[in-house]
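Q: Could you walk me through this model, starting with whatever terms I need before we get to particular contacts?

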Amino acid sequence: MEIDTYLFFMREAMIFENSQTEEGREYLKNCWRMEQTKPDREGLRKNFKKKGG
C-alpha cells in the first residue's frame, strides 16, 4: 500500500472514530476551526454588531 493511501485511510478512520462521541465531535469542530485562514465575516457581524448609531 502506498503511503498516501495509508495516510488517507488513517485520517478517515480517526474522523470516523471521533464522530461517534460528543467529545470527539467537539474535537473535530475545533480542528476544522483552527484550519481556517479566512475570517467568517458574517459570523463576526452577528456576534459583534455595533451598538447604537
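A: A salt bridge here is a side-chain nitrogen of Lys or Arg within 4 Å of a carboxyl oxygen of Asp or Glu. This is a predicted model, in which local features need pLDDT of at least 70 and side-chain atom pairs count only at pLDDT 80 or more, while totals for chains, interfaces and linings use all residues. Residues are numbered from 1 along each chain as its sequence is written, and side-chain values use heavy atoms, with hydrogens and water left out.

Q: OK, how many salt bridges does the structure hold?

A: The structure holds two. Arg11 pairs with Glu12, with the closest N and O atoms 2.9 Å apart, and Glu22 pairs with Arg25, where the closest N and O atoms are 3.1 Å apart.

Q: And how are Glu22 and Arg25 placed in helix α2?

A: They are separated by about one helical turn, because they sit three residues apart in helix α2; helices are DSSP runs (H or I, at least four residues), numbered from the N terminus.

Q: What about the exposure of Arg25?

A: Arg25 has a relative accessible area of 33%, so it counts as partly exposed, a class that lies between buried (under 20%) and exposed (over 50%), with a 1.4 Å probe and protein chains only. Glu12 is partly exposed too, with a relative accessible area of 33%.

Q: Switching to pockets, which residues line the largest pocket?

A: The lining consists of Arg11, Met14, Ile15, Tyr27, Leu28, Cys31, Trp32 and Glu35. A pocket is an open set of points on a 1 Å grid over the protein atoms alone, where a 1.4 Å probe fits, with protein on both sides within 12 Å along at least five of seven lines, and lining residues have an atom within 4 Å of a point.

Q: Which helix gives the largest share of that lining?

A: Helix α2 does, with five residues, and α1 (3-18) and α2 (22-35) each supply at least two.

Q: What's the volume of the largest pocket?

A: The volume is about 160 Å³, taken as the space filled by probe spheres set on the points, which are joined across faces, edges and corners.

Q: Last one, where does Gln36 sit?

A: Gln36 is in the loop between α2 and α3 (41-47). Gln36 lies 15 residues from Thr21 in sequence and 23 Å from Thr21 in space, C-alpha to C-alpha.
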